[in-house]
Amino acid sequence: ISASLFMARLISDLQYKALMADSPAGLLEQVNTLLCQRSSKGMFVTLVYLVLDIPNRRLVFSNAGHPRPVYTAAGQASFMGQDQSKGPPLGILDGITYNQEEIVLDPGSMVTLYTDGITEARNPEGVLFGQDRLLLAIEKSPLEPKDMTSQILDTVVRHARGETGGDDLT
């Protein structure tokens, strides 16, 4: 219940602060300060915040400890941003400055967000699904989001071969 309440309040905080934030990095910094002030029991959250400028096909984003999104254009998938640009999860360290990155989107491109339960899914031999398999699964997936999601999840489940993961597959 405490995690549910934490997330409900976080969503409310994000909606409120997003109206006033001048950038994705600024938003993460503001929300991080709030969470650090009222955090208890080691509660924290990973989050990537993206702002899409449709007319200019720009995507500006900042990452607080979340797995890097995947950008796919012309059938090639790659991780967005620099791993070293990723900041710590929100609610752990007060006073953190988050980095921000920007990409220009190609026509027909897409961005895929996922949780670490996907890349950390293990098979009976203990082998992680991993980032390389994720990129390959995305490249082989149909462009329709619902079909793509189903195909990626099916690929992860086949890899795990009945192993139950300790994390969500989102």
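**Figure 1. Salt bridge between arginine 161 and glutamate 125 in the predicted model.** At 46% relative accessibility, arginine 161 is classed as partly exposed. Its partner in the salt bridge is glutamate 125, with an N to O distance of 2.5 Å. Arginine 161 belongs to the segment after helix 5, whereas glutamate 125 sits in the loop between helix 3 (116–119) and helix 4, so the pair ties together parts that are 36 residues apart in sequence. Glutamate 125 counts as exposed, because its relative accessibility of 54% lies over the 50% limit. Four salt bridges are found in a search of the whole structure.

**Figure 2. Salt bridge between aspartate 13 and arginine 38.** The closest N and O atoms of aspartate 13 and arginine 38 are 2.0 Å apart. This pair links distant parts of the chain: aspartate 13 lies in helix 1 (residues 2–18) and arginine 38 in helix 2 (residues 24–38), and the two are 25 residues apart. Aspartate 13 has a relative accessibility of 12% and therefore counts as buried, the limit being under 20%. Arginine 38, at 28% relative accessibility, counts as partly exposed.

**Figure 3. Salt-bridge network of Asp53, Arg58 and Glu102.** A network of salt bridges links Asp53, Arg58 and Glu102. Within this view, the side chains of aspartate 53 and arginine 58 form a salt bridge with an N to O distance of 3.5 Å. Arginine 58 counts as partly exposed, with 30% relative accessibility.

Figure 4. Phenylalanine 6 has a relative accessible area of 15% and is buried. Once neighbours within four places in sequence are set aside, the contacts of phenylalanine 6 are Leu35, Met43, Phe44 and Val45. Valine 45 is 39 residues from phenylalanine 6 along the chain, and the C-alpha atoms of the two are separated by 9.3 Å.

**Figure 5. The largest nonpolar core.** This core has 15 residues, of which Val70, Phe129, Leu134, Ile138 and Ile152 touch the most other members. At least two core residues come from each of strand 4 (76–79), helix 4 (130–140) and helix 5 (145–160). Helix 4 makes the greatest contribution, with four residues. For isoleucine 138, leaving aside neighbours within four places in sequence, the contacts are Val70, Thr72, Ala77, Met110, Thr112, Met148 and Ile152. A second, separate core comprises 13 residues, among them Ala25, Leu35, Val45 and Leu90.

**Figure 6. The largest pocket and its lining.** The space in the largest pocket amounts to about 220 Å³. Its lining consists of 13 residues, and those closest to the pocket centre are Thr112, Leu113, Met148, Thr149 and Ile152. Strand 6 (110–112) and helix 5 are the elements that give two or more residues to this lining. Helix 5 supplies the largest share, five residues. By residue class, the lining comprises ten nonpolar, three polar and no charged residues. Ile152 is one of the residues closest to the pocket centre, and Ile152 is also among the members of the largest nonpolar core that touch the most others.

How values were computed: Residues are numbered from 1 along each chain as its sequence is written. This is a predicted model: local features need pLDDT of at least 70, side-chain atom pairs count only at pLDDT 80 or more; totals for chains, interfaces and linings use all residues. Side-chain values use heavy atoms; hydrogens and water are left out. A nonpolar core is a set of buried Ala, Val, Leu, Ile, Met, Phe, Trp, Tyr and Cys residues joined through side-chain atoms within 4.5 Å. Buried means under 20% relative accessible area, exposed over 50%, partly exposed in between (1.4 Å probe, protein chains only). Contact means heavy atoms within 4.5 Å. On a 1 Å grid over the protein atoms alone, a cavity is a set of points where a 1.4 Å probe fits but cannot get out, and a pocket is an open set with protein on both sides within 12 Å along at least five of seven lines; lining residues have an atom within 4 Å of a point. Grid points are joined across faces, edges and corners, and a volume is the space filled by probe spheres set on the points. Ala, Val, Leu, Ile, Met, Phe, Trp, Tyr, Cys and Pro count as nonpolar, Asp, Glu, Lys and Arg as charged, and the others, Gly among them, as polar.
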